[in-house]
Amino acid sequence: PARIKINKLLSSEATEQQANVKGWVRTKRGGKPVFFIALNDGSTINNIQIVADPEVISENIIKDITTGAAISVVGKVVASQGAGQSVEILAENIEVLGKADPEKYPLQPKKHSMEFMREKAHLRMRSSTFSAVFRIRHSLAFAIHQFFHEKGFYNLHTPIITANDAEGAGETFHVTNFDLDKIPMTDDGKVDYKQDFFGKETNLTVSGQLEGELSAMALGEIYTFGPTFRAENSNTTRHLAEFWMVEPEMAFYDLNDNMNLAEEMLKYVVKYALENCKEDLDFLANRADEEDKQKPQNERQEMGLLERLQFILENDFEKVSYTEAIEILRNSKPNKKKKFNYIIESWGADLQSEHERFLVEKHFKKPVILFDYPKDIKAFYMRQNDDDKTVGAMDILFPGIGEIVGGSQREERLEKLTQRMREMDIPEDELWWYLDTRKFGTAPHSGFGLGFERLMLFVTGMGNIRDVIPFPRTPDNADF
Ligand code: 4AD
Ligand code: MG
């Protein structure tokens, strides 16, 4: 018989036919009179049960069927007696494709710590938790493409190697093609980075935004979806050195249009996950509940994972200006238990994560879109407001996550933009191509960046950003 994937077999409920399934053994139990093998091929969170009768399958084969081994099974599909599974297979022939020495295979059928699983990132996708997480990652990426495609946006591939630091934060990784034996030096004995990339200083991109803006000023509405790199040495559960960002950029959108698009996109993809990833989400919701029960009462989630996702769909995000947010923070009483130390000194300071958490989790109790930030804490390209103090920036803050989206209306007026660049010491000659869009047919435009792994954290309920990207790049991990 032709091979059938386990998700198809389990959802069909047809019986009495011959089938071939291939996958990796999760567990083997029983013995007399038969063995039960739980087999998974990655297509679903559910395992198919294989019933192996030692009178049919030789002892030699059965001894090699251990956790982690790859096997191919041919047999008859029958209705299952067990609860929670529609069908099982009575094995007629089993071939062991690849053994997994039980003394050495790291993933045993028991609960491993997340730290342990991170060290075994090359195998962790074979676990229920991580396979669910990465199936959902696929679905969210697909939903993002579908959302923009339906709206008539074009997916634009922006470069990974570039000479610009779009955010101007100096957190770039150098890219070089230096011959290590002949590293070019300047006259005063320093490495000559000006020769990095065939004679030009380059870095890995921190954002595709600037190239995205060029494209929006031609194609109208575009989005990028690619890896971005930040050399920030922040060892937190929310930061990676390599993360994926979704960056739409739209001609003729003002800040309000920008905020509305971001809210619509987030609701669309969360709804897509609820409708299309039900089994994986149910599994992760139970897992999150279990984790939550281990925590002290005051740190537990008020809602379960599925409720939190549903809540996002049903409630409008709260739009609050930075200045209003500062007022709210000033007027709220300091928390004696120190859980939220939200006293903020003065207008103009950046909000700390405890301020953001207070606004989202305690004050508004829903996602918050903060807009009109002080210009001095934001990037050079943001559109200056008439008050001379603020820019048309917007950040979306999510419960349990903090900043999930950052964006702005862009400064489209050449004079204002170059003046701001001078104030911030950003050389005009390096960004001449960017300034050209302001010289020729400039127009109001806006865009934002969604941190894809932050979205993943929210949808999966996982607690650490290292656990929602297949192979995390952090200061302590770059091997594979
Ligand atoms: O706020 P950021 O730095 O904004 C930009 O890069 C703009 N160019 C986006 C735009 O307007 N086109 O980053 C955007 C989002 C953040 O809100 C956050 O979700 C995520 O990217 N992010 C990170 N995610 C993981 N690890 C990091 N080190 C991140 N830095 C930012
Ligand atoms: Mg930001």
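Before the helix pair, I wrote down the convention: a crossing is left-handed if the near helix is turned anticlockwise from the far one by less than a right angle, and right-handed if clockwise. I also reminded myself that this is a predicted model.

**Entry 1, the helix pair.** I looked up helix H4 (residues 128–150) against helix H7 (residues 278–293) and found that their axes come within 9 Å, crossing at roughly 130°. That angle makes H4 oblique to H7. For the hand, I noted that H4 passes H7 in a left-handed crossing. Next I listed who meets whom: H4 brings Ser128, Thr129, Ala132, Arg135 and Ile136, and H7 brings Asp280, Phe283, Leu284 and Arg287. Sorted by class, this contact has 4 nonpolar, 2 polar and 3 charged residues.

**Entry 2, the cores.** Which residues touch the most other members of the largest nonpolar core? I found Leu140, Val269 and Leu455, in a core of 81 residues. I then followed Leu140 and left aside its neighbours within four places in sequence; its contacts are Val269, Ala273, Leu455, Met456 and Val459. Another core lies apart from that one, with 23 residues, including Val21, Trp24, Ala52 and Ile71. As background, I jotted that nonpolar side chains tend to be buried together in soluble globular proteins.

I found Tyr434 in helix H12 (residues 432–439). Is Tyr434 buried or partly exposed? I put Tyr434 down as partly exposed, because 18 other C-beta atoms lie within 10 Å, while buried takes 20 or more. Finally, I checked Tyr434 against Glu213: they are 221 residues apart in sequence, yet C-alpha to C-alpha they are 8.3 Å apart in space.

Notes
Residues numbered from 1 in each chain as written. Chains lettered and ligands numbered in written order. Predicted model: local features only at pLDDT ≥ 70, side-chain atom pairs only at ≥ 80, totals over all residues. Axes fitted to C-alpha atoms, helices over the stretch in contact; angles between N-to-C directions. Helix = DSSP H or I, 4+ residues; strand = E, 2+ residues; numbered from the N terminus. Parallel < 35°, antiparallel > 145°, perpendicular 65-115°, else oblique. Contact = placed C-beta atoms within 7 Å. Nonpolar A, V, L, I, M, F, W, Y, C, P; charged D, E, K, R; others polar. Buried ≥ 20, exposed ≤ 12 C-beta atoms within 10 Å, placed from the backbone. Core = buried A, V, L, I, M, F, W, Y, C linked by C-beta atoms within 7 Å.
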